[in-house]
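Here is a friendly walk through the contacts between chains. Have the model open while you read.

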Amino acid sequence: MTKSDKPRLHPKVREAKELMDKGRMDRREFVRIAALLGVSAGAAYAMGGVTPSFAMQADLPFPDADDEAKSGGTLRVGMQVQKMEDPATYSWVEMSNQTRHTLEHLTFTTPDNVTQPMLAESWQANDDLTEWTFKLRPGIMWHNGDELNADDIIFNMTRWMDPDLGSSNIGLSTFASMVEEKDGKKVMIPGSLEKVDDLTVKLKLQKPVLSVPEDLYNYPTAIVHRSFKPPLSDNPIGTGPFTLTNLKVGERCELKKVTETTDGKPFKYWGGDVFLDEIHYYNFDEDNQLTAFASGDVDAIYEFGIEQFELAQALEGDIIEARTAQTLCCRMQISQKPFDDIKVRQAVVSACDNSVYRELVFQGRGDIAENTHVSPIHPEYYELPELKRDVEKSKKLLAEAGYPDGIELTIDVGNTDGPWHQTVCEIMRDQMKDAGIKLNINVMPPSKYWEVWDSTPFGATAWTHRPLGTMVLSLGYRTGVPWNETHLASKEFDEALDDAEATLDVEARREKMKKVEQIMQDAAVMVQPIWRPVFTIVSKKVVGYPPHPTQYHQFNRVWINS
Amino acid sequence: MSATADAPLPAPSLLARLSQPRTLILLLALMWIPLVIYVMFGHMFEDSRDYVLIPAVPATLLLYVLAMRAWWESKIAVIGATLVFFWMFIAVVVPFLPLIDPNQPIAPFTLPFSEKKDIFFWLGTDFKGRDMLSRALWGCQRVIVWGVTATLVAYIVGTAFGLIAGYLGGWWDEIISFLANILLSFPVMVLFILILNYLGQSGFNIVIAVTFASAPAVMRIVRGLALDIKSRDYVFAAQTRGEHPIWIMVVELLPNVRGPIIVDACLRLGYTTVAITTLTFLGLGLQPPDPDWGLMIKEAANTALIFKFSYMLIVPALSVSSLILGFNLMADGLREMSLRD
Amino acid sequence: MVKLILRRLGQMVLIMAVVSFVLFLVFDSDKFKKQIAVNELGGFGLQTLTEQEYQDWLSSKGLDVPFYTRYLDWVGNVLQGDFGFSFEKNTEVGPLLAERLINTGILAFWVFALMIPIALTLGVIAGMKEGSAQDRSVSFISVLTTSMPEIATAIFLTVIFALGLGWLPAKSAMTQGFDWRQLVLPVATLVLYDFGYVARMTRASMAEVMTSQYIRTAILKGIPYRRVIMRHALRNALIAPFTVIVLQLNWLLSGVVVVEVFFQYNGFGKMLLDAALFGDIYVIQAGTLAAVFVAVFSQIISDVGYTLLNPRIRFS
């Protein structure tokens, strides 16, 4: 935000500030909302009286450059190397990590959930949050020497809303509010995007959306050059500090610092100092990444599982742990027998003791979950009374449901996030035995599980981290949405969720979430025992490696101390 | 079992009488069928599951005694049979041993010969804290049952086709041999990967895959033997008596191809065990959670790749190697004896 | 002889045609299309597609065409040297296959370069004096190493030499270009598993030759023992192992899968497993054809070699 044209403060910021001052809004939540509403991150932190988790340069989304930082060197990362076709249709985080150093986003959400300007310099929303104006940072250079302008942004957003492209961005609240149904396809409503001037774009939405800036950091929203044609790997023009020099899917992805443009002029990166010369991703299957690290093939890895924690501790390196809202839902599909009977579901849920998994599976790491799919790290989390295991109640419910001698159930497990899924089910099996429920565990390979995850009567599905509880509930539990694997169809729930989503006042929203969470718990659609932490390990010579709850890589300020 | 026939005892002892082919088959069935029922269909029996195995215990011991007696002249066969019967015996008695539940997580990463939570772990525990000793002993069941069943089915199918191709000849032979040639022109692992990927991962599908991979080779051996025997007098005699071809194949041909096949079968049991372990490691074989050696190796390969924890790898790797060694030594010993006769 | 070779080659082409047709047929099922979709889009991604969008996706991948049409197209392309396009690796299958075969070839070369001398030497030493201590120990070692699955050997070697002593790298992904040190463990694993088999064959063959009439005569004639072995026995004793060794090429294509996966070596075996798990049909096709080619071709070489080496067998 430049000092000369100081934008007006959005009225909702003032509203939020008042709420905070009255103690009705968490300070971090205030910073998040103020940042979403266009207040620069620095100012937002100052207003909120919060110290950011990392020191920040005045108007850049990255941490301050380390004074001792040394330039040079190659960062080698063990990860699955995937193809880089079209950033708008990416479906795996790994792809986006390979791209994130070349292509950038309009905004940037830090690991502690504050959204800051990136390619956009600032933004403003009108009072009812239906018109959003984004001002681009002037002087951002593409690798081919062009300057980033409004046409690039309009080109990208138009593409995302092109039904023939099949980008998942169309499902984000922002873009869902700019499309209409036409001949069975969702197309952009004409006039939704307006080029105000060369560096300003206005988005006109059909309904108020607060999360526009957050949506713009979703991984398929990387901004490509206006001349973009897939595959990206053939012509990787970006604004980022690195460019792709070599991609071999399943083997390696090499990125090199850009020093001059493709037409031979010196390239200046807008985001300040970048220290690494090259970033190399080497393909190692998930099981092998930690061993590759151990034998010195790589300096960092994408992820290792809890089952490897002991091994990781024995290695020379820094273990980085991120608290997340990633979880496992042992969910029952309520449209299938025997789970169509709520008594059976309640019997299952009350036979389990959610409090033991954290200790038994994650050795005391992570957070206990309460079958609501809202995490304590979500800002609107309402703490319901602790879940109590009740074996007698479970037996009674089973008898009432017509199973006085107990029942035999089978749960499908794909271990899609590692073998701990199976451990969870094994603990469940032992607990449910006391209530006369015999649980069989049907373990299948991960890709087979993804073929049945939405259709199996009883399955353990992994859900990734999302910054808001309302976001994941909207995606997964509203009536008829594609990811509704429980087949929950509750008008009461949908309305309660609408109500909570439309409320800015976090304390009020939290009160409203009480109802939402209570409905979730009462519906007894799943045993959701744990919010898992994610781990990675970095060599001691790598400095400034940022943790992230969804394993997004952003290595702008990383340097190697050789 | 020629040794028994020549036994220089005045009156046939009990053991000699037990060595009759018919009793041998009965004993084998008594050992094998309960084990198969226990592993493949055990979940149907609920709590009475363990009783299924009771008849198998004496049968296994008796078979071991008979094997020792018959093969005593070949030290190699004796060592081999001892290894194989050791695991066989473990497989049938493991539910009755005073072991900790192999799927019960207790104390993760406990080193061997140490105590944690008031339990002494001889072989330590794995990454989930499950007792390694218990898992290693329980692990033999699945490997043995699926490995031997798969080999057995491959032999039945291979022998049947071999007899048909060899005895009937003509178009039968052409078609069967061509199909066998197709299957034989695949590297075995490629064939396994393709078949298991298509059928999905389970013990029964491993049986199918092993049959596809092994039956053609068995068929070739049997076909060759059948071609040779076909022209013998007793086959002609049966033909002139007007016996049905199937009867001739089963009654006249089958007993005479038995000898060479048994040696080959022991070797192939070894290969199949290797294959099952490897497939499980690649994620194409048996599925968790029940213990088996391949799975233990797979899990330990992710979680225990440092020197301190290498016992987690060594225990299952040694177990599976000793079983395969047993099969291979048995094959060597039997071949040695057959050459001597 | 030429006729025999031509017949075998003809048979090989027929087998390839049948195999590739069956593969196309099998991989045409809805289940497999869904497998590819899951691997490309993820379980959650696939779920957001409507039926129409899923059909569009299939057609964008060329999977909506009936399999026989795809098969004919594919055969036509293969005859022109075009093996199709990999869904997973996003590259032409031809160059990918060539590169992976070369990598596996390097591995195989070193396996053979070490395995053949070791196995033959040990086999001959053992077979020279049947029943002697040297025979017993060689036989025992070879049966022992053959009894350890490759995965077990690979693990032992990694634990000892990579993680325990730290002499060698644990993985062989060759991230910094070719590095012979990374080749040591995979080669050692394969040699350890394989040499025992060849050594036993050599031993049996040698033992048989040693009992033959002409060797006994030669020894009785007073020709020095060394010369009998080197001049007369060896030549005859190595005929049988030769065919066995050539056939090991076929075995190696099986054996490399687990070794390459364990050591993360980018060779043919790992490519094939990846492709099978992904449902990457054109890579599977090309890999299978290559495997069948190697298998049948090594069979032909072995037959021809045997005929040439052994003057007693000169059939049709």
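What follows describes two interfaces of a predicted model, taken one after the other.

## Chain A against chain B

Let's begin with the interface of chain A and chain B. Here 21 residues of chain A are in contact with 19 residues of chain B. About 1,800 Å² is buried between the two chains, and carbon and sulfur atoms give 55% of that area.

## Polar and charged pairs between A and B

One salt bridge is found across this interface. To see it, look for B:Lys128 and A:Glu426, whose closest N and O atoms are 3.4 Å apart. There are also four residue pairs in polar contact between chain A and chain B, counting pairs with both residues at pLDDT 80 or more.

Which elements of chain A give two or more residues to the side that touches chain B? They are helix H9 (309–313), helix H13 (420–433) and strand S17 (437–443). H13(A) gives the most, with five residues. By class, this side of chain A has eight nonpolar, four polar and nine charged residues.

## Chain B against chain C

Now turn to the interface of chain B and chain C. The contact takes 39 residues from chain B and 47 residues from chain C. The area buried between these chains is about 3,600 Å², with carbon and sulfur atoms giving 77% of it. On the chain B side, B:Asn197, B:Tyr198 and B:Leu305 supply 15% of the area that chain B buries against chain C, more than any other three residues.

## Polar pairs and helices between B and C

The count of salt bridges between chain B and chain C is one. B:Asp332 forms a salt bridge with C:Arg200, and their closest N and O atoms are 3.0 Å apart.

Several helices of chain B give two or more residues to the side that touches chain C: H7 (170–184), H8 (188–199), H11 (245–281), H12 (293–303) and H13 (311–340). Which of them gives the largest share? That is H13(B), with 11 residues. As for residue classes, the side of chain B that touches chain C divides into 30 nonpolar, eight polar and one charged.

How values were computed:
Residues are numbered from 1 along each chain as its sequence is written. Chains are lettered from A and ligands numbered from 1 in the order in which they are written. This is a predicted model: local features need pLDDT of at least 70, side-chain atom pairs count only at pLDDT 80 or more; totals for chains, interfaces and linings use all residues. Side-chain values use heavy atoms; hydrogens and water are left out. Contact means heavy atoms within 4.5 Å. Buried area is the accessible area (1.4 Å probe) that two parts lose on being put together, summed over both. A salt bridge is a side-chain nitrogen of Lys or Arg within 4 Å of a carboxyl oxygen of Asp or Glu. A polar contact is a pair of N or O atoms within 3.5 Å; within protein, one must be able to donate a hydrogen and the other to accept it, and residues adjacent in sequence count only if both atoms are side-chain atoms. Helices (H or I, at least four residues) and strands (E, at least two) are DSSP runs, numbered from the N terminus. Ala, Val, Leu, Ile, Met, Phe, Trp, Tyr, Cys and Pro count as nonpolar, Asp, Glu, Lys and Arg as charged, and the others, Gly among them, as polar.
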